[in-house]
Amino acid sequence: MRAFHVSPADVRVAVSPYRICPLGAHVDHQLGVVTGLALNQAVLLAFAPSPDSHRKEVAALSKNYPGKVSFELDSIPPFRPGDWGNYLRGAALALRDRFGKRLSRGMMAMVDGDLPIGGLSSSAAVGVAYLLGLEAVNGLSVSIADNIHFDRTIENVYIGLRNGILDQSVILAAERDQLLSLDCQSETWHSVHGPAADSFQVLVVYSGFEQALVSTGYNQRVAECREAAKQLLNAAGQRMANGAVLRQVSEETFVEHGSTLPATLRKRATHFFTEQARVRDGAAAWASANVKQFGNLVVQSGKSSVENYECGSPPLITLYELLVGSPGVLGARFSGAGFRGNCIALVEHSRAEAIAVAVAEGYARRHPTEAKNFSACVCDTDDGARLL
Ligand code: GLA
């Protein structure tokens, strides 16, 4: 923060954790029910109010990306493809739209994230960190529900990714050692007490395979799910509201009319309905501390992501298979959208390191190029985003 000439006494830190979604993959944008855990690895944002109280400059440096982002709150520049400053500009825009002139104080910030990108919601974590920083320097008190909405504005409106509210909700609302259960339709959540903290750890393995989510098949899958919903509602003679989503379709309608869907759309809908059943069963398994049964459902969820949602790239599918075949792994799947980045596994405490070593060896044999960037990190769960 020395580069910004702010007084060290004015510097605060926002901790915005990475998240995983063990069950409830690819259903948030269809307003399904999802689960999540926050990890004890986080994006950190050191920030301070702009030195002069009349200055509206927002400026940031990143430990992960080159260059300085800088703009005035009165004239927030539009989205720039591929620019890491988009999340900061989007955060300022979301807050300015709600708070107008009450968002008048600039911010100097330095951001740092350690885990490799892809599936852990580093984007939402960074967006949430910027929101918390800008709110703090402007003395704005904002609820979790409103921050979920603001982060959604960053991603859906400013960036143009048609994702749901899973990522930022888990990042903001998760509680250590508890499973967050989130209904993306009612936008309500609760924490589920489950297995003892020492009954598992989360192993995050990075494939070395990267691409921007907005340039993957993510938005196309969302459109396919919506089309499946529309066709199912039509087949059932139900009036179709604009922008149908699969949550509006009953399971009975899917059972009765699913066979009329074209093969691709049938697969997407099959993923949605089977995943919702896994979320229900998984929450019950978690509540009765049955981590083994919970883990089995996570494995099935990963399989459905490959076979029905068709979103895994070859390196990620290999990692998934290696993890599932490793003794000590309770459950595994790709993390997040599954087109790039990381896989996660719930693993027995004492075996995490050994599993990481074995998976690294198997991966290097099958994907020597990507394996050069392979990494593994053993995590525990943590609370949601907060200011220190
Ligand atoms: C990404 C998106 C989320 C969600 C997951 C898949 O992380 O940002 O909204 O759709 O993929 O569950």
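View 1. Strand S8, residues 201-206, pairs with S11 in the antiparallel sense over 5 bridges, where two strands count as paired if DSSP finds at least two bridges between them. Within this pair, Val205 stands opposite Ala376 in S11. The strands and helices named in these legends are DSSP runs numbered from the N terminus, with at least four residues of type H or I for a helix and at least two of type E for a strand. The model shown is predicted, so local features need pLDDT of at least 70 and side-chain atom pairs count only at pLDDT 80 or more, while totals for chains, interfaces and linings use all residues. Residues are numbered from 1 along each chain as its sequence is written, and side-chain values use heavy atoms, with hydrogens and water left out.

View 2. The open sheet has 4 strands in the order S9-S10-S8-S11, with antiparallel pairing. Its edge strands are S9 (329-334) and S11 (375-379), each of which pairs on one side only. Neighbouring strands of this sheet are turned by 20 degrees against each other on average, direction ignored; axes are lines fitted to C-alpha atoms, for helices over the stretch in contact, and angles run from 0 to 180 degrees between N-to-C directions. Helix H8, residues 291-307, packs on the sheet and touches S9 and strand S10 (342-347), and the direction of H8 makes about 25 degrees with that of S9. Helix H9, residues 314-324, also packs on the sheet, touching S8, S9 and S10, and the direction of H9 makes about 170 degrees with that of S9. Contact here means heavy atoms within 4.5 Å.

**View 3. Strand S6 between its two partners.** Strand S6, residues 178-183, is mostly covered, with 6 of its 6 residues buried; buried means under 20% relative accessible area, exposed means over 50%, and partly exposed lies in between (1.4 Å probe, protein chains only). Strand S2, residues 33-49, pairs with S6 in the antiparallel sense over 4 bridges, and the bridge partner of Gly36 in S6 is Leu180. Strand S7, residues 188-193, runs antiparallel to S6 and is joined to S6 by 6 bridges, with Gln178 standing opposite His193 in S7.

**View 4. Glu187 in the hairpin of S6 and S7.** The hairpin has 4 residues between its strands, and Glu187 is found in this loop between S6 and S7. Phi of Glu187 is near 55 degrees, a positive value in a residue other than glycine. Glu187 counts as partly exposed because its relative accessibility is 41%.

**View 5. His26 in the loop between S1 and S2.** His26 lies in the loop between strand S1 (12-20) and S2, and has a positive phi of about 60 degrees although it is not a glycine. With a relative accessibility of 9%, His26 counts as buried. A polar contact of 2.9 Å joins the side chains of His26 and Ser305; a polar contact is a pair of N or O atoms within 3.5 Å, and within protein one must be able to donate a hydrogen and the other to accept it, while residues adjacent in sequence count only if both atoms are side-chain atoms. Leaving aside residues up to four places away in sequence, His26 touches residues including His271, Tyr309 and Arg333.

View 6. Among the residues around the ligand are Arg19, His26, Asp28, Asn163, Gly164 and Tyr218, where a residue is near a molecule or strand if one of its heavy atoms lies within 4 Å of it. A polar side-chain atom of Asp28 lies 2.6 Å from an oxygen atom of the ligand. An N or O atom in the side chain of Asn163 is 3.0 Å from an oxygen atom of the ligand, and a backbone N or O atom of Gly164 lies 3.3 Å from an oxygen atom of the ligand.

**View 7. Helix H7 and the residue that follows.** Helix H7 has 25 residues (263-287), which at 1.5 Å a residue should span 36 Å, and the end C-alpha atoms are 36 Å apart, which agrees; the expected span is 1.5 Å times one less than the number of residues. Just after H7, Ala289 takes a positive phi of about 60 degrees.
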